[in-house]
Amino acid sequence: MRVGKQGKGKRFKAKVADFFELPSDVILDLPRLVLTGNQRLLIENHQGIIEYAKEVIRINTPIGELRISGEDLKIILITQEQVSVEGQIDKLDWRERGEDN
Amino acid sequence: MISQRIMAFFQGYLVVMITGYHCEKFISLALTSGVTFWDVNRKTPKRFILNLSAQDYPILRPYFYRTGTKGKILRRKGAPFLWRRVRAKKGWLLGMLCFMLTINILSSFIWFVEVTGVQEIEKTRILQDLSDLGLYPGVLRSKIEKKRDWMLKELRMRLPEAVWVSIRLKGVVSLVTVTEKTLPPPAVRNDANLVAAKDGLITSLLVIEGTPLVHEGDMVSRGDVLILGEKSLQHLDGSIEIKKVRAEGKIIARVWEEIIIEEPLEVYRPVITSGQRVVYSLRIKNRLFPMFSRGKLSGRFSQTRSGKTILRGRNRLSLVELIKDTYQTIDWNPVEISPEIALTKAKIKGEERMAFLLPSGLKPLSTKEEWEVTEGILKYRLVVEAQEDIAAPELKEEKK
């Protein structure tokens, strides 16, 4: 499966961003993930949470659904722009919107 | 993150419990309105507990309705709510204020004065000095802070034994640190008199510094002050100043040295006789083991020792040696000495002693010698007259 399948317009934007050395997350409206070890994950440019449990957190993003798996996961801060997750993060994977768990 | 928490504390925040099937949807919708949540906990599948700013809570009402969830405020936290609670308990507030005020007043005084770093100087003396200068238990801190520099200057003047003094205020404690000087040995006094080293008749004097107390032709005894270590200076206004100086000068005087030597005309000399005893011993390291001996002794004897090294060893302690001690009996026999030989011996001794008494290179002005024989002893008397500098610095006892 391919997450965030790019159309012609997006490919062009990506090339332009690459050529002018512009931040692609801004130009292409991509989420930005900062993972600190396996303890903390900061996600910028999200679109809300879909599921929240101690073992799994599902977060909606412009390019699909981000699934965070682990233990004792906890949202320590959530704003319109960013989500900060703490806990033992074991796995991150991307899914298409509406795809089954 | 920390700044967000601090802001939330000052603005006031709520701990809210969300109940329903669509809590995640509720949060997502609330986020679109710019609401911030933190410490989001899912207690059960239907129940979330989270924190949010107090002023954001009214915004959430439509979302509760749209998602079918319910919200319940569990706790109100932060400065505004705390202030509201405190304001309601006036007695408690008054007590707290009194307590704070008491602590503040009490901490503005110095209650302890500690002196450190002293070994020779007595602490009680320093504490007394500090008390005189205004630093004592119960004094206001602000007073000390204002005059600390002056106090340090004064204290340094009062403690000449200290090389460095500091006063630090730590809360209600004043810490006084004193570093003592290592004092140099007492300085040698510059003023000193010149005194006579010998009895003599002064023939000439040369004064370079100081005031002479003797004149030519004076007879002086040993220890008399010849030149006083003082100098009088007359100022233009007529006043006279007495200045202490180190006396310098030469006092030439005729001195007489007398030596009496007694030489016996009969002496006893040892003569070895036939009696002999030989003892052989073994020395191992520093211990002596007698082995065998032969012969017998009686009366006075003399001893001679000879040794033969058996094992030299690496050092003196590992030495092994065979020692032979020979003891020989002796008799003391009288021997007559002629007066001429005795006189020659006495003259040689007299010259040796005179060379010791007179300064080197000094030629005597005149020499007088006489001798006589009484009861088997020759008495030789030598009198030498010389001219020499008899001035010597006066030795003064050090005053502690």
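**Notebook: a loop residue, a sheet and a chain contact**

I began with B:Glu375, whose place is in the loop between E22 and E23 of chain B. The labels follow DSSP runs numbered from the N terminus, where helices (H or I) need at least four residues and strands (E) at least two. I noted that this is a predicted model, in which local features need pLDDT of at least 70, side-chain atom pairs count only at pLDDT 80 or more, and totals for chains, interfaces and linings use all residues. Residues are numbered from 1 along each chain as its sequence is written, while chains are lettered from A and ligands numbered from 1 in the order in which they are written.

**Entry 1: the hairpin in chain B**

I looked up the backbone of B:Glu375 and found a phi near 50°, a positive value in a residue other than glycine. Most residues other than glycine have a negative phi. The hairpin of E22(B) and E23(B) has 2 residues between the strands. Is B:Glu375 buried or exposed? B:Glu375 counts as exposed because it has 7 C-beta neighbours inside 10 Å; the rule is that a residue is buried if 20 or more other C-beta atoms lie within 10 Å of its own, exposed if 12 or fewer, and partly exposed in between, with C-beta atoms placed from the backbone.

I then followed the two strands, and found that 9 bridges join E22(B) (residues 366–374) to E23(B) (residues 377–389), which run antiparallel. Two strands pair if DSSP finds at least two bridges between them. Within this pairing B:Glu372 has B:Lys379 as its bridge partner, and B:Val373 stands opposite B:Leu378. Of the 9 residues of E22(B) the number buried is 0, so the strand lies largely in the open.

**Entry 2: the sheet around the hairpin**

I traced an open sheet of 5 strands in chain B, in the order E13-E11-E17-E23-E22, with antiparallel pairing. Its edge strands are E13 (219–220) and E22 of chain B, each of which pairs on one side only.

**Entry 3: a lysine in another loop**

I looked next at B:Lys296, which lies in the loop between strand E19 (287–294) and strand E20 (301–311) of chain B. With 10 C-beta neighbours inside 10 Å, B:Lys296 counts as exposed. I also checked B:Arg277, 19 residues apart from B:Lys296 along the chain, and found that their C-alpha atoms are separated by 5.4 Å.

**Entry 4: where the chains touch**

I found that the contact takes 14 residues from chain A and 14 residues from chain B, residues being in contact if their C-beta atoms, placed from the backbone, lie within 7 Å. On the side of chain A that touches chain B, strand E3 (49–52) and strand E5 (64–78) each supply at least two residues, and E5(A) gives the largest share, 5 residues. That side of chain A divides into 8 nonpolar residues (Ala, Val, Leu, Ile, Met, Phe, Trp, Tyr, Cys and Pro), 3 charged (Asp, Glu, Lys and Arg) and 3 polar (the others, Gly among them).

I saw that 3 bridges join E5(A) to strand E2 (residues 37–44) of chain B, and that the two run antiparallel. Across this pairing A:Ile75 stands opposite B:Val40. A:Asp72 also has its place in strand E5 of chain A, with a positive phi near 50°, and counts as exposed because it has 9 C-beta neighbours inside 10 Å.

**Entry 5: confidence**

For the complex, the predictor gives an ipTM of 0.81 and a pTM of 0.42.

Definitions and conventions
Two residues are in contact if their C-beta atoms, placed from the backbone, lie within 7 Å.
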